[in-house]
Amino acid sequence: MRFLSIQSHVAYGHVGNSAAVFPLQRIGHEVWPVLTVNFSNHTGYGSWGGPLIPADDVRAVVQGIEDRGVLGTVDGVLSGYLGGEEIVDVVIDAVARVKAANPSATYTCDPVMGNATSGCFVAPTIPPLIREKALPHADILTPNQFELGFMTETSPDTIDSTLESADRVRDLGPRTVLVTSVLRPDREDDTIEMLAVDDEGAWILQTPRLPFKANGSGDVTSAVFTALYRETGSAATALERTASSVFDLLQATLDSGERELRLVQAQDAFAHPRMQFRARQVR
C-alpha cells in the first residue's frame, strides 16, 4: 500500500513523520512524507531550531505529487499535529484530491491536543478546527482517552463510557476509532489499555504500563494501526499487532536509557511482532 503522510519532521529523534515513516516502510508499505515543519528536535525539549513550513509550500508539495499523476495510487492519507487553520485546510484539500482519484482511499486523523497528565497543550483554536473541519473527512481517528473526551465534551473513564464517547465521535465522521490510552479506574495496577471500535464491534487490549513518557509513540501507533487495519480489514487483528509492536518499541527504549524512541533498534518488532497480547471483544 501507499500512504501520503502530512506531518511534522525532526532531524533528531522520532516524532511526526520521523516516527511514522520508517515503521510503515519496515512492514512493507510505500510512504510519501509531506513535511509541515522541519525542526531540529521536538518541542518538548523547550528549544529547537528550524522553520515552520508555510501552508502554501506544503500545498505545493501535494500539488507536485498530483502533477505526477499518482494520487490515484494512494491508499491512505495520514495527519498528526495540525498547527493552524491553514494547515488543516491543506490536509482537507489533499484528502479530497486523493479520494477523487481513488475513492477507496482513507484518511486517518490523529487529533493531537493533549493528554491526561498535561491537559490540553495546543492553542485553544485547534480543537474546534479538528472537530469541525477535519473530523467530517476522517475515516479513522486515533485519539487518546483525554482527546476523545475533549472532542466529545464527555469524561470517558470506564469501558462503557469510553465506548459511548467513541460512538459520539463516530457520528461526526470517522467510522473507525482507536483509543490509544484507556485508563479505567477498575483496571489492574500498572496496566494501560487500547480500544478499537468500528462497524463490526469493539475490542479492548491490555498491556503493562511502562514508567516513562515517550514522545512520538502515538504517531507510530496511529500509522501502524492504519496500515494493519487497511491490510487485514480486522480492527482486532490490527489492534493486537500494533500493541505488540509498540510495546516492544517502548520496552527497548526504556531499556536503553535514552529519551528518544529506539525506532531503528526495535525494527524487527514491526516486521515480526511477537503477538504477546490478545484483544477481548466488548461489543
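**Notebook: packing, rings and loops**

I started at Ser79, which is in strand β3. Helices here are DSSP runs of H or I with at least four residues, strands are runs of E with at least two, and both are numbered from the N terminus. This is a predicted model, in which local features need pLDDT of at least 70, side-chain atom pairs count only at pLDDT 80 or more, and totals for chains, interfaces and linings use all residues. Residues are numbered from 1 along each chain as its sequence is written, and side-chain values use heavy atoms, with hydrogens and water left out.

**Ser79**

Is Ser79 buried or exposed? Ser79 is buried, because its relative accessible area is 2%. I take buried as under 20% relative accessible area, exposed as over 50%, and partly exposed as in between (1.4 Å probe, protein chains only). I then listed what Ser79 touches, leaving out residues up to four places away in sequence: Ile6, Gln7, Val91, Tyr107, Thr108, Cys109 and Asp110. Contact means heavy atoms within 4.5 Å.

**Helices α2 and α3**

Next I looked up the packing of α2 (residues 55–67) on α3 (residues 85–101): the angle is about 10° and the axes are 9 Å apart. So α2 is roughly parallel to α3. The axes are lines fitted to C-alpha atoms, for helices over the stretch in contact, and angles run from 0 to 180 degrees between N-to-C directions. Angles under 35 degrees count as roughly parallel, over 145 as roughly antiparallel, 65 to 115 as roughly perpendicular, and the rest as oblique.

Which residues meet there? From α2 I noted Ala55, Val58, Arg59, Val62, Gln63 and Glu66; from α3, Glu86, Ile87, Asp89, Val90, Asp93, Ala94 and Arg97. The residues of this contact divide into six nonpolar, one polar and six charged. Nonpolar covers Ala, Val, Leu, Ile, Met, Phe, Trp, Tyr, Cys and Pro; charged covers Asp, Glu, Lys and Arg; the others, Gly among them, are polar.

Gly69 is in the loop between α2 and β3 (76–79). Gly69 has 63% relative accessible area, so I logged it as exposed.

**Rings**

I found five aromatic pairs in the structure. Rings of Phe, Tyr and Trp (its six-membered ring) pair if their centres lie within 6.5 Å; planes under 30 degrees apart are stacked, over 60 edge-to-face, and the rest tilted. Phe39 is buried at 11% relative accessibility, whereas Trp48 is partly exposed at 41%.

Another pair, Phe247 with Phe277, is edge-to-face: 5.2 Å centre to centre, 80° between the planes. This pair links distant parts of the chain, 30 residues apart: Phe247 is in helix α8 (residues 235–256), Phe277 in the loop between α9 (268–271) and β11 (280–281). Both Phe247 and Phe277 are buried.

**Positive phi**

I also checked phi. Most residues other than glycine have a negative phi. Asp190, not a glycine, has a positive phi of about 60°. Asp190 lies in the loop between β8 and β9 (191–198) and is exposed at 61% relative accessibility. Met275, also not a glycine, has a positive phi of about 55°. I placed Met275 in the loop between α9 and β11; its relative accessible area is 23%, so Met275 is partly exposed.
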